[in-house]
Amino acid sequence: ISPSNTIRTGTSAENLRQAFLDNLVCALGRLPNYASAHDHYLALALTVRDHVVARAVQSFEQGVVKMMRRVAYLSAEFLPGPHLANHLLNLGIAEATREALGGIGIDLDRVLAEEEEPGLGNGGLGRLASCYLDSLATVEVQSIGYGIRYEFGIFDQVIRDGWQVEGTDKWLSGGNPWEIHRLGIAKQVKFGGHTETWTDDQGRTRVRWVPSIVIKGEAYDTPITGYGSGTCSLMRLWKSEAVESFDFEAFNHGDYDRAVEQKVDSENLSKVLYPNDELHRGKELRLKQQFFFTSCALQDMLRLVAMSGGKVAAFDESWAVQLNDTHPAIGVAELMRLLVDEHALEWDDAWAITQKTFSYTNHTLLPEALEKWPVELFGSVLPRHLEIIYGINHRFLDEVRTAFPDDDARLARLSLIDEHGARYVRMANLACVGSHKINGVAALHSELLKKTVLADFAALWPEKFDNVTNGVTPRRFVALANPGLAGLLERELGAGWPGDLSCLGRLEPLAADPGFRREWREVRLANKRRLAALIQERTGIVVTPDSLFDVQVKRIHEYKRQHLNLLHVLSLYLSIKRDPDAGVVPRTFIFGGKAAPGYFLAKRIIRLVTATGELVNQDPDVAGRLKVVFFPDFNVKNAQHIYPAADLSEQISLAGMEASGTGNMKMSLNGALTIGTLDGANVEIRDAVGAENFFLFGLTASEVSALKAGGYQPQTYYESDSLLRETIDFIASGALGGDPDLFRPVVDNLLHGDPYLLLADFRAYLDAQQRVGELWGDSDAWTSSSILNVARMGRFSSDRSIREYCERIWNVNAKPSQT
Ligand code: 26W
């Protein structure tokens, strides 16, 4: 097929306009005069989809024909963001499309704003998966991201009376023009029941799993285009369906309720995303979700091996499978089951294939996030997999005994089964044993992994451990999010810059150029004006674009310390109240992020932000100097408006807690300066941009361990620092939110425990903020630092991360970078 000059795929403005109008009338049944903005969006999406799908099928065909090793990225979460603008950029038809619509009086930006994003993830891990699919396509590697087509994604957040209220995310209700329901691609997934042995015709004893229930997974494909590349990644998401719509036996007996029960149960599996981002709760439905999509994915890979003439016994030559955290780690046991039980391979051969196939990325050190399932529950849902895990464990522990004789404590720690008290299956241990490579997501995180949660595995297999520092796609997070900056970059570096961020280095000399600095400031001010308008629209709060925009947007979590930021805000407020002449530069504090619905303290912290805003925003004594905003419903779409307007990026987690962070990269790449601890990728960002362009503060990870080991006493800081005491007392006084009990839990948490050492870092944080204020006062120095941040951040493109995975972990060839 060469569809380059047809109405469906022609790229002139004339062609695009005709295709758009045809879609409006013929596909949507709307006459142009009656069409709504949403109709315009759908018609344009269908128009662009033709271009995308034409590429995707050709790209896919290449993969089959060339039998290259493909990458399967297994992830329970994806956060792709709105697709339309991204495709226009990648296909190089943004300007032609603008012209096509403009010619019939339609504004492209208005149309783009109609798109609702798929919120199929919680935060960093899901967004990273989407950046990686973008980069895989860009560096021309064949890949499929496998996951779940949740009917309801991460909840919509609204703020009512200052509190987070969750709403259902009905992302499919306006139609989804980007997915193709693959009616021919459906997999059966078994659950429950028991196992039996049988003898095959070669006289071998085999195991058969007799399930109590079978569920069908149907494939929905969303193509992901690459920048300046013909390769497309595929996001293949599975929706659960009943195998039979009705249990006819029950139906015939007149038991209608029971007849529909199984259908409802089956469909429930892919109904909703779990909204916890760092807390593991051993919920049966979650285990079922994990097995469901992982099994569908592996069955699909086996089908594709057959389709391209490959051999099951060489599965690992066809596929490199990445486990995005432990959520798909059950895949290790499932691939063993498929190879041994269904394809009759010998155990040892199957195990060699499995280990060569899988690799595992860890995304968190938080102990409460580590997944473990009660053995009872696990065995009732996946009886065959429990047997297989025992089989893997038995052989594995023999290997450990050889390496470390007479070390029972070590055996107990490494075992796939936790036997301290109630018995659990440990998913991280399964992932480690079943993988040939294990990586953390930033240099510090990878080091800490080897010293803490995975120390015993690192001692056993040091060669398995590696680091791949996260990255972000510059297409979405710079080119699309920041068109003003993109214009400057294109002029200075050439049009291809989003495909090769190493060219950003050529901006360095411009940091000293007064004319360029002026243009830079103008771009940034325009971004801030746009955000100010959006803030007013969404919250009613009026903010001044020439104040310092001090931004902390990310999931709300104690370890990320949004409340440390608030202690600073309130200390400034109190300082100005005490001394109206206090030298405080005008600042707008912008917070955003969702709290897990069951996370009590995180929700209180949101209320503390809004209560601080209620107090500060209407107080004439601080007018023109302080504003506090909680931007509701932080998601990818909103983020694209926020990042380019940030002057200061708050990356203030307690050192050792944030695995990497990626918002830190997005803001610095857009010209924000960072205030941060030596945590996650902050360490590498600071190395890259230079210590003089980064506001560092706080304890290091090893100082944190030492302080905790010595018995941390938050009270001593409270007693010895009068500003800290005054600020905390103020929160406890009831002056905020009009109720002295409202923030008692926050105050008590800080004074009696303070698990994330806010009080220990408070003074250092304030000092760093003081330095921020001073540099802000020197506009040229600030701007030059902002330019240098962008110039030196090229390393944090996800293209670089993906090339490292290709080279060191997946052993596949990526298109080399130009430099
Ligand atoms: C079992 C509940 C649960 C759910 C999700 C536990 C943990 C998660 C994720 C691993 C949380 C997450 O998104 N982690 C973030 O991953 C990013 C991408 O690597 C990192 O940049 C962040 O630092 C890390 O918090």
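**Figure 1. Contact of helices H9 and H11 in the predicted model.** From H9, the residues Thr 294, Ser 295, Leu 298 and Leu 302 take part. They meet Gly 331, Glu 334, Leu 335 and Leu 338 of H11. By class, this contact divides into 4 nonpolar, 3 polar and 1 charged residues. H9 spans residues 284-307, and H11 spans residues 331-342. Their axes come within 10 Å and cross at roughly 45 degrees. The crossing of H9 past H11 is right-handed.

**Figure 2. Contact of helices H29 and H30.** H29 covers residues 722-732 and H30 covers residues 744-751. The two axes come within 9 Å. They cross at roughly 145 degrees, and the crossing is left-handed. Ile 728, Ile 731 and Ala 732 are the H29 residues in this view. Facing them from H30 are Arg 744, Val 746, Val 747 and Leu 750. The contact has 6 nonpolar residues, no polar residues and 1 charged residue.

**Figure 3. Domain 1 against domain 2.** The domain assignment builds domain 1 from the segments 67-82, 117-370, 437-449 and 462-468. Domain 2 is given as 527-792. The C-alpha centres of the two domains lie 36 Å apart. Domain 1 gives 35 residues to the contact, and domain 2 gives 28 residues. On the domain 1 side, two helices each give two or more residues: H6 (124-138) and H17 (443-451). Strands E3 (156-160) and E4 (163-167) also give two or more residues each. This side of domain 1 has 16 nonpolar, 13 polar and 6 charged residues.

**Figure 4. The shell around the ligand.** There are 23 residues around the ligand. Gly 124, Leu 125, His 363, Ala 659 and Ser 660 come nearest. The shell has 12 polar, 6 nonpolar and 5 charged residues. Domain 1 and domain 2 both give residues to the shell, so the ligand lies between them.

Definitions and conventions
Residues are numbered from 1 along each chain as its sequence is written. This is a predicted model: local features need pLDDT of at least 70, side-chain atom pairs count only at pLDDT 80 or more; totals for chains, interfaces and linings use all residues. A residue is near a molecule or strand if its C-beta atom, placed from the backbone, lies within 6 Å of it. Ala, Val, Leu, Ile, Met, Phe, Trp, Tyr, Cys and Pro count as nonpolar, Asp, Glu, Lys and Arg as charged, and the others, Gly among them, as polar. Domain bounds come from an automatic or database domain assignment. Axes are lines fitted to C-alpha atoms, for helices over the stretch in contact, and angles run from 0 to 180 degrees between N-to-C directions. Helices (H or I, at least four residues) and strands (E, at least two) are DSSP runs, numbered from the N terminus. A crossing is left-handed if the near helix is turned anticlockwise from the far one by less than a right angle, and right-handed if clockwise. Two residues are in contact if their C-beta atoms, placed from the backbone, lie within 7 Å.
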